[in-house]
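Please keep the sequence and the 3D view open as you go through them.

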Amino acid sequence: MNEALHSIAYKDSQGFVTGHFTAMAGPCEVIIETSDQELAEKVTKAIADEAWRIESTFSRYRADNIIYRINNADGEPVEVDAETARLLDFADLCFEVSDGMFDITSGLLGKIWKFDGSSNIPDQKDIDRLLPKIGWEKVSWSNPMLQMPAGMALDFGGIGKEYAVDSAAQLARQITELPILINFGGDIVATAPPASRQHWLIGIEPLALGQNSVPPQVALKHGGVATSGDSKRFLQHKGRVLSHVLNPKTGWPVADAPASVTVLANNCTQAGMLSTLAMLQGPGAEEFLATQEVEHWIQRR
């Protein structure tokens, strides 16, 4: 990772200090209700440092971290640290409650599926070649030892950003009780409502410009908001739009998945889990979230 990219830009406006930086392949911002610039910068730096730490620790694009060691162990067991173990336990839970649909070994499919709005569908033979290398049930995990068949790979991309937001919020609370909104590319945590207003107001990106309906807005006092799906990432195939959410059992996009699902929950990790599980339900996303007793917003094409 290029350390020169680790910079933060600040803006002070109407009693709020906002810090902007880049992490986990996207824009991040921290909004703090305060006139104390020095404190705001201290808190924002702590949050940014935590984002960069988690990114470097769990990125699959580095050759010097635990993910690289696991993915290049060639079938040999690997002992993991406590933080990695917690993420593996959470991934295991998600796999179980989703009946195997949430699978952190399915990232290999990203090598052949490119959701760029085109009609470029991978050959079935390429999908079939990767499917034997996918399946969390093939991995032996007993804390702290993990053993994975050679050729398989783990990818925490489906849970890492939400975990990072929650971890950064925990650090921020240790520094100050000031109201803070942390936004890592649409995965959001509010530590408390602003003193100057009832809540933070968060807009949900609409499917497309020109829609008749007004984009929904989330009134957030505290807790987490996460969105799964991306209205800009899809393929067109035989007159249908294919979502970028992949079924690890078939290697194909989940049939009739929403374009996006946004969930408000007690923390960002929980919100992210529920929004992802809803996406994986395909046509049953609405019914699934109706049973979870959380505020949610679903957009379909």
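1. Leaving aside its neighbours within four places in sequence, with which residues is Thr262 in contact? In this model, which is predicted, the residues are Ile204, Val225, Ala226, Thr227, Glu295, His296 and Trp297.

2. Thr262 belongs to strand S14, which covers residues 260–265. Its relative accessibility is 1%, and because buried means under 20%, Thr262 counts as buried.

3. The sheet that contains S14 is an open one of eight strands, paired in the antiparallel sense and ordered S1-S2-S3-S7-S8-S11-S14-S15. Strand S1 (9–13) and strand S15 (295–299) stand at the edges, and each has a single partner strand, so one side of each is left without a neighbour in the sheet. From one strand to the next, the twist averages 10°.

4. Within this sheet, strand S2 (residues 16–23) and strand S3 (residues 26–33) run antiparallel and are joined by eight bridges. If you wish to find one of the paired positions, look at Gly19, whose bridge partner in S3 is Val30.

5. Helix H1 (residues 37–58) lies across S1, S2, S3 and strand S7 (180–184), and its direction is at about 20° to S2. Helix H6 (residues 268–280) also packs on the sheet, where it touches strand S8 (187–190), strand S11 (223–229) and S14, and its direction makes about 25° with that of S11.

6. Two packed helices are described by the angle between their axes and the distance between the axes. For helix H3 (residues 82–97) and H6, the angle is about 30° and the axes are 11 Å apart, and the crossing of H3 past H6 is right-handed. Phe90, Cys94 and Val97 in H3 meet Thr269, Met273 and Leu277 in H6; by class, this contact has five nonpolar residues, one polar residue and no charged residues.

7. In a regular strand the side chains alternate between the two faces of the sheet. S9 pairs with strand S10 (residues 217–220) in the antiparallel sense over four bridges, and the bridge partner of Leu201 in S10 is Ala219.

Terms used: Residues are numbered from 1 along each chain as its sequence is written. This is a predicted model: local features need pLDDT of at least 70, side-chain atom pairs count only at pLDDT 80 or more; totals for chains, interfaces and linings use all residues. Side-chain values use heavy atoms; hydrogens and water are left out. Helices (H or I, at least four residues) and strands (E, at least two) are DSSP runs, numbered from the N terminus. Buried means under 20% relative accessible area, exposed over 50%, partly exposed in between (1.4 Å probe, protein chains only). Contact means heavy atoms within 4.5 Å. Two strands pair if DSSP finds at least two bridges between them. Axes are lines fitted to C-alpha atoms, for helices over the stretch in contact, and angles run from 0 to 180 degrees between N-to-C directions. A crossing is left-handed if the near helix is turned anticlockwise from the far one by less than a right angle, and right-handed if clockwise. Ala, Val, Leu, Ile, Met, Phe, Trp, Tyr, Cys and Pro count as nonpolar, Asp, Glu, Lys and Arg as charged, and the others, Gly among them, as polar.
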